[in-house]
Amino acid sequence: MTGLLSRHEAAQRQLPEAYSVAGASKSTSPQGGTFEHINPSTGRVQAGIAMVGADFVDQAVGEARRACAAWRAMPGARRRQILERLAQLVVEHGDELSVLATLEAGITHTYGRASFVPAAYAWINYYAGWADRLEGLVTSSNPAEPFIYTVPEPVGVVAIIISWNAPLLSLAMKVAPALAAGNTVVLKPAEMTPFTAVRFFELAKQAGLPDGVLNIVLGQADAGAALIGHEDVDKISFTGGLQTAQRIMAGAAQPLTPVLFELGGKGANILFEDADLAQAVPFSASRAMVLAGQGCVLPTRMLVHASIYDEVVAGVVKNVADIRIGDPLEAGTFTGPVISASACDRISGMIDQAKQQGSGELVAGGNRCNGDLGDGFFIEPTVFANVDPESDLGQKELFGPVLSITPFSSEDEAVHIANGTQYGLSSYVHTHDLRRARRMADQLRSGTVSINAAPSHHYSAPFGGIGKSGFGREGGKAGIEEFINMKTILIS
């Protein structure tokens with residue numbers, strides 16, 4: 001038995017029982033079959049997850065509806081206290097939550113503990129602060145006119161459907177503002193990440209969350225369809241892929257349920273000739289490989305000015321060579337496996353296609369890992385230079401550890417290439433010229449623009465995309481406004 005396998009088998013003892021929740025009732029009955037949960041680091045089944053069906057979804061939505069009135073009526077200060085306590089519990093259980101993310105999704109324990117846990121705390125704590133600060137406006141107090149004012153009200157029952165690549169952070173970004181605004185939630189996590197969702201629920205209960213305010217549906221396509229099309233769901237918030245979003249929109253059309261979509265990205269990372277290469281090159285190489293490249297905001301498409309192109313490519317290759325890929329449970333591992341065998345095959349197939357079609361020049365990686373990593377879903381950090389921006393490699397979101405680099409000669413050309421995909425989520429610009437930075441921020445078709453290695457999003461500011469990257473916003477005041485209706489009252 002390899003060291004990796006023995007470590008993971010020992011860690012699997014920490015996996016909680018995975019169950020669905022409707023009000024005070026828990027279900028481990030496989031009404032919708034059993035999902036074999038595979039550890040992406042070992043390629044082995046580590047648990048059987050009971051999937052529920054449409055009947056349980058209806059029960060969960062009913063419990064959420066019944067809990068609406070009391071949760072909405074609860075003083076905002078009390079909702080704030082519960083969420084503040086939840087945020088603190090996430091920190092206190094950060095090591096455990098990080099291990100679960102490693103076993104579920106291959107997220108390195110180091111990254112989960114150092115990045116996702118504090119980020120989840122920040123998002124939950126931030127929205128806790130909004131729970132007793134939502135306010136309306138007096139729009140007219142002229143004695144000759146009606147007295148007019150507005151009141152913020154929760155939308156009601158919110159269906160939250162999250163992806164697998166950042167389970168704890170996604171919960172914090174979506175569940176916290178929905179609850180802070182006074183809504184109740186039916187949560188459907190990805191099949192691959194049920195354990196984080198269950199522990200999050202248990203911590204929320206420990207923090208004082210009443211029965212029915214947060215419900216969990218562990219299910220597959222039939223359960224998802226039942227939740228999306230349910231007449232008693234008042235809003236849907238989804239993070240994931242474009243094709244799933246299209247199915248959700250179609251399912252939500254009959255009941256006319258409003259949706260919030262945070263979808264994919266192919267963000268351009270633009271390095272101008274005056275960029276600080278000592279900062280920009282390591283950032284570009286490493287950030288593209290975080291989470292094995294499985295992040296919608298990651299800068300996986302570099303555009304580099306021709307005058308520094310060769311130097312940058314050489315620097316990126318050197319930095320990528322230093323990235324440690326391996327067991328995500330081990331300290332010092334920078335990147336782990338991709339999520340599944342099918343993802344591994346898909347990414348490897350796109351790499352092979354790029355090589356065969358001459359879409360770019362392979363300058364680093366390009367292979368599946370072998371040896372102790374051979375049974376898991378590990379792909380070498382991969383870099384293509386001189387990438388054709390019109391090729392699949394330059395256009396499609398690979399969602400894997402693959403970085404493409406393309407040269408440009410002018411600012412206008414950089415903007416043209418950057419805006420030349422169907423996505424518009426996150427873009428990056430490296431320059432010392434503040435006027436240029438502001439011009440680029442204005443011209444880039446993107447929900448966010450990060451200048452000189454700034455973070456791609458922050459809990460205090462709106463985050464979201466345009467185009468095929470979705471619509472609606474998470475973060476900041478805009479993030480909680482997604483979960484309220486503003487009622488207007490007129491008094492004669």
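Predicted model: local features only at pLDDT ≥ 70, side-chain atom pairs only at ≥ 80, totals over all residues.
Residues are numbered from 1 along each chain as its sequence is written, and side-chain values use heavy atoms, with hydrogens and water left out.

Reader: Which residues touch the most other members of the largest nonpolar core?
Author: A nonpolar core is a set of buried Ala, Val, Leu, Ile, Met, Phe, Trp, Tyr and Cys residues joined through side-chain atoms within 4.5 Å, where buried means under 20% relative accessible area, exposed over 50% and partly exposed in between, with a 1.4 Å probe and protein chains only. Among the 97 residues of the largest core, those touching the most other members are Leu86, Ile124, Leu187 and Leu214.

Reader: How are the rings of Phe238 and Phe261 arranged, stacked or edge-to-face?
Author: Rings of Phe, Tyr and Trp (its six-membered ring) pair if their centres lie within 6.5 Å, and planes under 30 degrees apart count as stacked, over 60 as edge-to-face and the rest as tilted. The centres of Phe238 and Phe261 are 6.0 Å apart and their planes stand at 85°, so the pair is edge-to-face.

Reader: Is Phe471, whose ring pairs with that of Phe261, buried or partly exposed?
Author: The rings of Phe261 and Phe471 have centres 5.3 Å apart and planes at 45°, so this pair is tilted. Phe261 counts as buried at 3% relative accessibility, whereas Phe471, at 36%, counts as partly exposed.
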